[in-house]
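Dear colleague,

I am passing on the structure below, together with notes on what was found in it. Please read the notes beside the coordinates.

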Amino acid sequence: MSSAHYQALEPQTSDEDNEDIERRPHQKHTRCTAATAAAPPHPMVRKGSVGGGRRRCVLPLVGGTLFFIAFCYLTLSGDTRIALGLGGASEDSEEASHQGLDSMNFRPLNESLHVCSENFEDHRQFMQDKPRSDYGQLPVIYFVTPTYPRREQIPELTRLAHTLLHVPRLHWLVADDQEKCNGYMDTLLNRFGIPYTHMVSPMPSKFRNEKPAPRGVANRRAALQWLRQHNLTNGILYFGDDDNTYDLRLFTEIRKTQRVSMFPVGLIADYGVSGPVVRKGKVVAFLDSWVAGRRWPVDMAGFAVSLEYMAQYPYVNMPYKPGYEEDLFLRSIGLKMDQIEPRGNNCTEILVWHTQTKSKKIGMVRLESKYLDDRSNLGALLLNLKLMGVAGTTENEGRNALISKNGREKSHSAILS
């Protein structure tokens, strides 16, 4: 996901956190104030002694507060301290955290998920000139593709499928952002012969009118939920959009992932690239034109995760926070800088490109319905295009469909009657 145009988040804490912080000091202050108010001043006491009593009441309160803060610094993790509004570690420390992290966006993985069809059998006989049996010992790559209905959807998935056809030991999780299953897509995915699961998981309606909308989050969350439901702890997780371009070497690289591997992604935002900075074989920082407080400023296509490693974190999550999905997902699995495995020849090669197809409205062909029968191919062709979401037909809107012969336009009746 390109994040060049998102705005940085403002620091936030939840109301519950604020209540936890303020509850004890507030109670002490209330008791002290009440005690001071209840005791009438002695007639021989000067007016200033009342203020002195208040100061004596406040001093224990200040001391208790300082003790509480010191206790939190010594016993709580950096992320917890920041979430409570108590400050964190130094800027360059692993403990430093993005302050926009708030509990409201970390909803449990309980997406509206419906599996339309799936097939766990691999019907491909040969991959990369070798029989399928030669790859039996390789870990499975779970390739998660969020998608949504549009004119380019079926062409994008077809192009991607013809890359994945060359990749052994891969299960394709296609998560569609719509309410109902698409029978045409079921047929299409099954025809490729790649093990797959086709599910629908629509974006919650409350997010659809947001600008920008968190597109693809519900689909990726549904895929994470599917992995959890199947208790899968062996294999590699990779988020692969349907419009990206993938070098086949990428799959060989990510299959080696022990925890989290990272690599540069081409055609990202202003720099044309986003990825890790590597020194002496270790990731030390990141190159990206939009940082905005993200600890992990990477593209969704720029990392892969071991399921065995991810299984250690039961609260793995991807919140509905546009521009921060990658960052907060990687935080939810407790990633640290020294755990990152640089791939792509120490992050010097581009193995995935963030290509984007220009989207257009669904085309409309004005043609009388009486000509959409079996006297020509047009009836079946236009029906297939309708099922794909590419084009539709109309009898009364727009200009008549152009049908030509020998360089000249002909009437529909002359050709189709």
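A nonpolar core here is a set of buried Ala, Val, Leu, Ile, Met, Phe, Trp, Tyr and Cys residues joined through side-chain atoms within 4.5 Å, where buried means under 20% relative accessible area with a 1.4 Å probe and protein chains only. The model is predicted, with local features needing pLDDT of at least 70 and side-chain atom pairs counting only at pLDDT 80 or more, while totals for chains, interfaces and linings use all residues. Residues are numbered from 1 along each chain as its sequence is written, and side-chain values use heavy atoms, leaving out hydrogens and water.

The largest nonpolar core has 38 residues, and L237, F303, F329 and L330 have the most contacts inside it. Its largest share, 7 residues, comes from helix α6 (residues 217–229); helices are DSSP runs of H or I with at least four residues, strands runs of E with at least two, numbered from the N terminus. Beyond its neighbours within four places in sequence, L237 is in contact (heavy atoms within 4.5 Å) with residues including Y142, L224, V305 and F329. A second, separate core of 34 residues includes A161, L164, L170 and Y246.

In helix α4, the buried residues include I154, L157, A161 and L164, and the buried residues of α4 pack against β4 (141–147), β5 (170–176), α5 (183–192), β8 (245–246), α7 (249–254) and α11 (378–388).

Finally, D299 lies in the loop between β12 (282–287) and β13 (303–306) and is buried, at a relative accessible area of 3%. The side chain of D299 reaches the backbone nitrogen of A301 at 3.0 Å.

Best regards

How values were computed
Buried < 20%, exposed > 50% of the residue type's maximum accessible area, 1.4 Å probe, protein only. Polar contact = N/O pair within 3.5 Å; in protein donor to acceptor, adjacent residues only side chain to side chain.
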